[in-house]
Amino acid sequence: MDDISERQRLEYEAAAFRRLRDHLRARTDVQNIDLMNLAGFCRNCLSNWYRDAATADGREISKDEAREIVYGMPYEVWRETYQTEAAPESQARFETSRPHD
């Protein structure tokens, strides 16, 4: 794919992001802790990356605004509606594998 323009590359990447975002919005059964344990990122990570990109472009958006873009609703509403208590095994696995700042 060496023959695509920079604009096309950006459009394809944006389409892939939107598809991932929409897939995660539809899969409310998949908990963030499970995503973190399996893939090393979750919806919150995705919203942080979105926010980082906006900041790098000189646009400030809040953490809550970025999360709403990813979740499709305010984060607190998503948590109240879809988040379940993490199993002790998931919590233990997360503690051993999570990134430490």
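Tutor: Gladly, and let's begin with the largest pocket. This is a predicted model, and its largest pocket has a volume of about 410 Å³.

Student: Which residues lie nearest the centre of the largest pocket?

Tutor: Asn-32, Ile-33, Cys-42, Asn-44 and Gln-83 do, out of a lining of 19 residues. The elements that each give two or more residues to that lining are H2, H3, helix H5 (75-82) and helix H6 (88-97). H2 has the largest share, with 4 residues.

Student: What is the make-up of the lining by class?

Tutor: There are 10 nonpolar, 7 polar and 2 charged residues.

Student: Let's stay with H2, then. How should I read a helix that has a buried side?

Tutor: Start with the general idea: an α-helix has 3.6 residues a turn, so residues three or four places apart point the same way. Now the case here: Asn-32, Ile-33, Leu-35, Met-36 and Asn-37 are the buried residues of H2.

Student: Which helices do the buried residues of H2 pack against?

Tutor: They pack against helix H1 (6-26), H3, helix H4 (63-71) and H6.

Student: Asn-37 is a polar residue. Why does it count as buried?

Tutor: Because its relative accessibility is 9%, and buried means under 20%. Asn-37 touches Ser-90, Arg-93, Phe-94 and Ser-97, leaving aside residues up to four places away in sequence. A polar atom of the Asn-37 side chain also lies 3.2 Å from the backbone nitrogen of Phe-94.

Student: And how do I read the nonpolar core?

Tutor: In soluble globular proteins, nonpolar side chains tend to be buried together. In this model, the largest nonpolar core has 7 residues: Leu-24, Leu-35, Met-36, Cys-42, Cys-45, Leu-46 and Val-70.

Student: What does Val-70 touch, not counting residues up to four places away in sequence?

Tutor: Its contacts are Arg-21, Arg-25, Arg-43, Leu-46 and Ser-47.

Student: Last, what follows H2?

Tutor: Gly-40 does, with a positive phi near 80 degrees. This glycine is found in the loop between H2 and H3.

Student: Why does Gly-40 count as partly exposed?

Tutor: Its relative accessibility is 45%, and partly exposed covers the range between the 20% limit for buried and the 50% limit for exposed.

Notes. Residues are numbered from 1 along each chain as its sequence is written. This is a predicted model: local features need pLDDT of at least 70, side-chain atom pairs count only at pLDDT 80 or more; totals for chains, interfaces and linings use all residues. Side-chain values use heavy atoms; hydrogens and water are left out. A nonpolar core is a set of buried Ala, Val, Leu, Ile, Met, Phe, Trp, Tyr and Cys residues joined through side-chain atoms within 4.5 Å. Buried means under 20% relative accessible area, exposed over 50%, partly exposed in between (1.4 Å probe, protein chains only). Contact means heavy atoms within 4.5 Å. A polar contact is a pair of N or O atoms within 3.5 Å; within protein, one must be able to donate a hydrogen and the other to accept it, and residues adjacent in sequence count only if both atoms are side-chain atoms. On a 1 Å grid over the protein atoms alone, a cavity is a set of points where a 1.4 Å probe fits but cannot get out, and a pocket is an open set with protein on both sides within 12 Å along at least five of seven lines; lining residues have an atom within 4 Å of a point. Grid points are joined across faces, edges and corners, and a volume is the space filled by probe spheres set on the points.
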